[in-house]
Each structure stands twice: as C-alpha cells, then as structure tokens.
Amino acid sequence: MPAKYRLTYFPAKGRGEMTRLIFHAARVPFVDRRLTSEEWKDFKPKTPMGMLPVLETPDGMFCESGAIARWAARKFGLYGKTDSDELMVEAIVTQGQELREKQIIPLMFEKDPETKEEKKKKALEEVEKVLNWWEKNVVQTPSTEKTYSYTVGHQLTAGDLALLDVSENLQRLIQLDMSRWPRLMAVINTVSALPGLKEYLAEREKMTFVV
C-alpha cells in the first residue's frame, strides 16, 4: 500500500525533523523527500508559501513546520490521554520550537566569535530554565524489566520527541552536558529505544545529515 503522506524538506534536521520523528515514532509510512539546492529551485514555485517543509496529504499540500508537526502528533495519538496531558505536551513542543528559533538558529549563523559567545551565554540561561522545568515534570514508570520515563504521562508523546530533537542540537552547538538532567536523559534513552524510532535513528547516523 503506497504511503498517504509525503514530507518534503532539505537534507537536514532543522524544521522538518520533528515531523519525521513523529511519523517514525507512530510507525506511519510516509515519503521522506530531501531536496538538493537545484531541486528546490524547481520545486519552490509549487509550494504554498515558497518555503519548506511542506506536507502532502490526500487533501493537498500544507506548509508551516509547527502546524504540520502538531497536526501529525494529534492525528497519530501523540498528545496524551487527558486535557492536562495535551496542555503539557503543547507547552513542551512550543518551548522546544522557541529554543530552536530564538536560541539555536541564531547561534548556527553567527559568524563573529565574540558575538557568538555572548549569544551562547544568553542561550544557556534560557535553555537551563526550560530544561529545569521539563526535568521536574518527568514521569517514571517502573516495570519488571526497566523504568520507562516520559515527559508527560506514562506513554510516548510529542513532548518526548521535542526533547529528543532539541537536545541533539543543544549538545552539538553549545556543548550542553545533558547529564545534568538525569530524568531527561532517561526519557531520551526510553524514547530512542522504541520500535520505529530506534531503526530510524540508527539509519540516520549513516546519512549525510546536518543540523
């Protein structure tokens, strides 16, 4: 059966990776299309707003990375079981996106070493505040074999995937020591071992893939 969905983005994590993680975690087949610069020139006029990512569904082509990720998370049951769960997931997903847009991306493109160091210090302050709050809310569920940890409730949500996504960039760009947040590291370990995600993350290591 052919995939119903096609996600188009560049050969990078960036604004497309959260949606990729959601599809893989939910084990929903999709076409993961990565455009080269030359391919993007031809494809750009076909997009709704001249930007990526875009998601094609049986109903059409849609843009805006945040909207796409949120839709996919709700569609595939990754927003928790209760209203309180949904609010918490929404908060974590939103904060993860804000860290990327306001802290991570400015650091990526800053060329001046002195200015970059100043931005890094300010980013650390905001990152620590957010991660401290996430850490307090982690739910740990013991079982006969191991303890499973999630940011919200007792099952995988988009909040866990937001943590996984943003933590990789923070460790790379500002050398953040995630061991300072042991509960969050437990979430990352739990999520990274889940069927669907485990296979994708292993395959991703083989790709020529930038942040």
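Biologist: Is glycine 153 buried or exposed, and what is its relative accessible area?
Modeller: The model is a predicted one, in which local features require pLDDT of at least 70 and side-chain atom pairs count only at pLDDT 80 or more, while totals for chains, interfaces and linings use all residues. Residues are numbered from 1 along each chain as its sequence is written, and side-chain values use heavy atoms, with hydrogens and water left out. Buried means under 20% relative accessible area, exposed over 50% and partly exposed in between, with a 1.4 Å probe and protein chains only. Glycine 153 is therefore buried, its relative accessible area being 17%.

Biologist: Between which two elements does the loop that holds glycine 153 lie?
Modeller: Helices (H or I, at least four residues) and strands (E, at least two) are DSSP runs, numbered from the N terminus. On that basis, the loop with glycine 153 lies between β6 and α6.

Biologist: Threonine 151 lies in the loop between β6 and α6; what is its relative accessible area?
Modeller: Strand β6 covers 147–150 and helix α6 covers 158–173, with threonine 151 in the loop between them. Beyond its neighbours within four places in sequence, threonine 151 is in contact (heavy atoms within 4.5 Å) with residues including Ile92, Asn137, Asp160 and Val187. Threonine 151 counts as buried because its relative accessible area is 2%.

Biologist: On how wide an arc do the buried residues of α8 lie?
Modeller: In helix α8 (residues 197–204), the buried residues are Leu197, Tyr200, Leu201 and Arg204. The arc is that of the directions from the helix axis to the C-beta atoms. These residues lie on the same side of α8, because the arc that they cover around the axis is only 95°.

Biologist: Are α1 and α3 roughly parallel or roughly antiparallel?
Modeller: Axes are lines fitted to C-alpha atoms, for helices over the stretch in contact, and angles run from 0 to 180 degrees between N-to-C directions. Helices α1 and α3 pack at about 15°, with their axes 9 Å apart. Angles under 35 degrees count as roughly parallel, over 145 as roughly antiparallel, 65 to 115 as roughly perpendicular and the rest as oblique. The arrangement of α1 and α3 is therefore roughly parallel.

Biologist: Is the crossing of α1 and α3 left-handed or right-handed?
Modeller: A crossing is left-handed if the near helix is turned anticlockwise from the far one by less than a right angle, and right-handed if clockwise. For α1 and α3 the crossing is left-handed.

Biologist: What is the omega of the peptide bond from leucine 52 to proline 53?
Modeller: Proline 53 is found in the loop between α2 and β3. The bond that joins leucine 52 to proline 53 is cis, with omega near 5°.
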